[in-house]
Amino acid sequence: MNGSKILIVDDEVKNIKLLKGMLFSDNYQFYEATNGKEAMDLVRDISPDLILLDVMMPGINGFEVCLQLKMDKKTKMIPILMVTALGEKEHRLKAMESGADDFLSKPVDRTEVMIRVKSLLRIKAYQDKLSDNYKEIAAKNERLLELEKIKDGLVQMIIHDLNNPLAVISGNIDLVVSSEHNLTPDQLNCLKISYRSGQELSQMIRGLLEISKMEDGKMKLNIEKVKPESLIDASIQQFLIKADEKQIAMSYERLEKDLLILVDCSLVKRALGNLLNNAIRHTPRGGKIQIITKPDQHNGKLRVEVKDTGSGLAPEYHKKIFDKFEQVKLKKSGIAVGTSGLGLAFCKLAVEAHGGRIWVESEGEGKGANFQFTLPVKKNGAKLE
């Protein structure tokens, strides 16, 4: 703390000299002011590390100087040690109320003033270091945000650019497959597999774009009033063949009452499709998948469940699998999160965009999983009980 700037404010020059003499051995940089106005002007010019401030001065007294400095954002962190001949308790309290950091009564003891000055300077040094670290972190954070925007823009540009060649590849494969001209069964099967893979890739690209839009709040929902059965039946039909290939039995437990839900049909279908696709992928041959609709007892919404007899999930992963960043870590660790690792993140964003919530229940590995989400019900429709 050698070289620290100390401003001594006192209307009597002899008192300034006395304090300088007490502190001289520590090699501080001393500045002097004999009245309140001069002190405040000097504070803004030199930005001292500590102010030794006398209370009783003509014009602006020490209490007023202290209060004004502590109310100014640029000077409020400068420690102020008030020095006065006043010893009454009320004056000490007034000094603290004015924002003073410490208080000394005249006649000043040399050891006491040295200890308090060093203590306040040490605190000021810690504050300065903390402030510098904060500014450095803020600057780095701002730079990271800039880089994140650049990265997001680059990713979206790449995704958009992938669509065109992918469409050409899928279109040509579809054309060749539909003609079946001079193709062996094995060749035809390879082309069909390639076409399905291209379709899956197209869905991934679309999902990435929509996730980005939903995160930025730019996705506009096309809300419709529909029966939940129509959406769920359509989704089940899409996956019946895939389930039959693994001899997985799919069942749908419907609501007893008719009602309408208010949803973006395309988003909800895709979210439900992701859940069904995951359930089929992680359910062994001969397993079961149940789709269940029921009232959500907590908020009067419709609850949709996709329950399987598959590989299950340990409780510590129940929340992480819906986070796109956590999914990358889980996939690298061998935890099943789907083909792209983004399907469940899409489901979460799609459900939350409707004001619902999504979660998973599972007793652990090998014990199946039950993915559940809620959707809003048309208010003047049938009441859920």
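A cavity here is a set of points, on a 1 Å grid over the protein atoms alone, where a 1.4 Å probe fits but cannot get out, and its lining residues have an atom within 4 Å of a point. You're looking at a predicted model, where local features need pLDDT of at least 70, side-chain atom pairs count only at pLDDT 80 or more, and totals for chains, interfaces and linings use all residues. Residues are numbered from 1 along each chain as its sequence is written, and side-chain values use heavy atoms, with hydrogens and water left out.

Start by selecting P228, L231, I232, I261, V268, L272, L302, V304, F373 and L375, which line the largest cavity. Helix α7 gives the largest share of that lining, three residues. Helices (H or I, at least four residues) and strands (E, at least two) are DSSP runs, numbered from the N terminus.

Now show the open five-stranded sheet, ordered β7-β9-β10-β12-β11 with mixed pairing; two strands pair if DSSP finds at least two bridges between them. Strands β7 (249-253) and β11 (358-361) each have a single partner, so one side of each lacks a neighbour in the sheet. Zoom in on A249, which stands opposite K288 in β9.

Just after α10, click G355 for a positive phi of about 80°.

Definitions and conventions:
On a 1 Å grid over the protein atoms alone, a cavity is a set of points where a 1.4 Å probe fits but cannot get out, and a pocket is an open set with protein on both sides within 12 Å along at least five of seven lines; lining residues have an atom within 4 Å of a point.
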